[in-house]
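Here's a quick briefing for anyone meeting this structure for the first time. Have a look at the sequence and the model, then read on.

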Amino acid sequence: MLREFTCIMCPQGCDIQVEVKEGKVVSISGNKCPRGKEYVTQEVVNPMRNIATSVLVEGGELPLASVRLTRPIPKDRIFDVMNEIKKVSLPAPVKEGQIVIPNVLGLGSDVMITKTVDKA
């Protein structure tokens, strides 16, 4: 099966064609740098994603604090991780860099605050 991707690894945005058989990459063409090949191979074999969202803050100057993952997780686990993040409600203050959920679901990624929210 032939699949097409637009590479997001550098500003060139190469249109890359990938031939896939039985879940394995057979050939790759169209990438202008090695990062394109790495990106497409990852997307075919084990797609990974990052999450940026927010958590509730009780008694804060803002009702929410932004969070993100410290490293990408498998794409098929996004909804599982989001369900864990939805359970979080923190008392103010929260500080940028604070880990909210260490090693979420055993995936090797932490949920981390990205914006400080002080007490109201």
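Glutamate 22 sits in the loop between strand 2 (15–21) and strand 3 (24–29), where strands are DSSP runs of E with at least two residues, helices are runs of H or I with at least four, and both are numbered from the N terminus. Glutamate 22 has a positive phi of about 55 degrees, even though it is not a glycine. This is a predicted model, so local features need pLDDT of at least 70 and side-chain atom pairs count only at pLDDT 80 or more, while totals for chains, interfaces and linings use all residues. Residues are numbered from 1 along each chain as its sequence is written, and side-chain values use heavy atoms, with hydrogens and water left out.

- Glutamate 22 counts as exposed because its relative accessibility is 83%; the cut-offs are over 50% for exposed, under 20% for buried and in between for partly exposed (1.4 Å probe, protein chains only).
- Leucine 105 is another non-glycine with a positive phi, also about 55 degrees.
- You'll find leucine 105 in the loop between strand 9 and strand 10 (111–113), and it counts as partly exposed because its relative accessibility is 37%.
- Alanine 92 and proline 93 are joined by a cis peptide bond, with omega at about 5 degrees.
- Proline 93 belongs to the loop that links strand 8 (89–91) and strand 9 (99–101).

**The overall picture**

- The protein has two helices and ten strands.
- Read from the N terminus, the elements go β-β-β-α-β-β-β-β-α-β-β-β.
- The radius of gyration is 19 Å, well over the 14 Å that the globule rule gives for 120 residues, so the protein is more spread out than a compact globule. That radius is taken over C-alpha atoms, and the rule is 2.2 Å times the number of residues to the power 0.38.
- Along its principal axes, the C-alpha trace spans about 55 × 30 × 15 Å.
- Of the 120 residues, 30% are buried.
- Take the contacts (heavy atoms within 4.5 Å) between residues at least 6 apart in sequence: 47% of them join residues at least 24 apart.

**Surface and charge**

- The accessible surface comes to about 7400 Å², and carbon and sulfur atoms account for 52% of it. Areas come from the Shrake-Rupley method with a 1.4 Å probe, and for residues only the protein chains shown count as cover.
- There are 16 positive and 14 negative side chains, and the centres of the two sets lie 2 Å apart. Lys and Arg count as positive, Asp and Glu as negative, and His and the chain ends are not counted; each charge is placed at NZ of Lys, CZ of Arg, CG of Asp or CD of Glu.

**Serine 109, a buried loop residue**

- Serine 109 is in the loop between strand 9 and strand 10, and it counts as buried because its relative accessibility is 0%.
- A polar atom of the serine 109 side chain lies 2.8 Å from the backbone oxygen of arginine 71.
- Skipping residues up to four places away in sequence, serine 109 touches Leu69, Thr70, Arg71, Ile73, Ile101, Pro102, Asn103 and Val104.
- Serine 109 and valine 57 are 52 residues apart in sequence, and their C-alpha atoms are 22 Å apart in space.

**Glutamate 43, a buried helix residue**

- Glutamate 43 is part of helix 1 (residues 34–45) and is buried, with a relative accessible area of 12%.
- Beyond its neighbours within four places in sequence, glutamate 43 is in contact with Phe5, Met48 and Arg49.

**Valine 55, a buried strand residue**

- Valine 55 lies in strand 5 (residues 52–58) and is buried, with a relative accessible area of 1%.
- Valine 55 and isoleucine 113 are 58 residues apart in sequence but 8.7 Å apart in space, C-alpha to C-alpha.

Key: Polar contact = N/O pair within 3.5 Å; in protein donor to acceptor, adjacent residues only side chain to side chain.
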